[in-house]
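Subject: Structure for your review

Hello,

I am handing over the structure below, followed by notes on what was found in it. Please read the notes alongside the coordinates.

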Amino acid sequence: MAYGAAFPREDMNTLKIEHTRRVAANAARILEGERFPARLRGPGMAAAWLHDLGRFKQFERYRTFSDRVSVNHALLSCAEALRLGWLDDWEPWARNAVLRAIECHNLRDLPPGLPGDELALAHLVRDADKLDILTVLDRAIETDYLPSHPEVYWGLPFRAPPSPKVVAAIERGESVDYADIAGFADFVFIQLAWCNGGLRFAESARLALARREVGVRREYLKALLPGHGETVDRCCDIAEGALRRLAHGA
Ligand SMILES: [Fe+2]
């Protein structure tokens, strides 16, 4: 993390360093809980530590973490890891798997046909990353950070009702198209969609359940959107049920 600390704008960089630490901690829990083979543990942790490496350069160059108006930070992470030579000592299969996991961590869906090791590490980093983003929102809710920071949700209305397309995606167990987002609540609903089909590993579901990720969102969304309690309950029930099935290996 000395690399991250070398960049200016300490507040933004600290944010990413802390995120990276927590993603690595989540990845360690998943590697352990899912009994990953020993040969994948080192590459798995490397992918978790390096997945957002490009964020520092991205912010230095563009002053934003928005890929839409700057660069794909996952590809920049790969480029930085290669430029710095940090993967030079890895065997080719491990280097490829690490790079693939970094490259795919922010895609809406994984490309089909990834080979076994690449697929396993890609899912590992995606689950570990999502689990941390869930806790980031937990903290933002707790500290009432959001009403005064519309830039976090693209300046969209704070109390807009959930978009019907987002709700339909949750009900179908599909990933949400970011183009369908119409208000802040949709970002929270997207996280419910992660719980219904967006996480891969049973250990990830167990962590999400232990952290009450759905319960926190149910209470928060009901208070935020008093006229939409039924929709909130329906989506939360789907998310909670999916997490329980995944946690129990169903
Ligand atoms: Fe990322």
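The largest nonpolar core has 60 residues, of which Ala47, Val98, Ala101, Leu124 and Phe189 touch the most other members. A nonpolar core here is a set of buried Ala, Val, Leu, Ile, Met, Phe, Trp, Tyr and Cys residues joined through C-beta atoms within 7 Å. Buried means that 20 or more other C-beta atoms lie within 10 Å of the residue's own, exposed means 12 or fewer, and partly exposed is in between, with C-beta atoms placed from the backbone. Helix 9 (residues 184–198) supplies the largest share of this core, nine residues. At least three residues of the core come from each of domain 1 (1–125) and domain 2 (144–250).

The model is predicted: local features need pLDDT of at least 70 and side-chain atom pairs count only at pLDDT 80 or more, while totals for chains, interfaces and linings use all residues. Residues are numbered from 1 along each chain as its sequence is written.

Ala47 touches Val98, Ala101, Ile102, Leu121, Leu124 and Val125, leaving aside residues up to four places away in sequence. Contact means C-beta atoms, placed from the backbone, within 7 Å. In helix 3, Ala47 is buried, as are Pro43, Gly44, Ala46, Ala48, Trp49 and Leu50. The 13 residues of helix 3 (residues 38–50) should span 18 Å at 1.5 Å a residue, and the end C-alpha atoms are 19 Å apart, which agrees. The expected span is 1.5 Å times one less than the number of residues.

In helix 4 (residues 54–62) the buried residues are Gly54, Arg55, Phe56, Gln58 and Phe59. Arg63 follows helix 4 and has a positive phi, near 60°.

On the overall fold, the protein chain has 12 helices and zero strands; both are DSSP runs numbered from the N terminus (helices H or I, at least four residues; strands E, at least two). The radius of gyration, taken over C-alpha atoms, is 18 Å, close to the 18 Å from the globule rule for 250 residues, so the chain is as compact as a globular protein of that length. That rule is 2.2 Å times the number of residues to the power 0.38.

The C-alpha centres of domain 1 and domain 2 are 25 Å apart; the bounds come from an automatic or database domain assignment. Eight residues from domain 1 and six residues from domain 2 make the contact. Helix 2 (residues 10–33) gives the most to the domain 1 side, four residues.

Regards

Key:
Contact = placed C-beta atoms within 7 Å.
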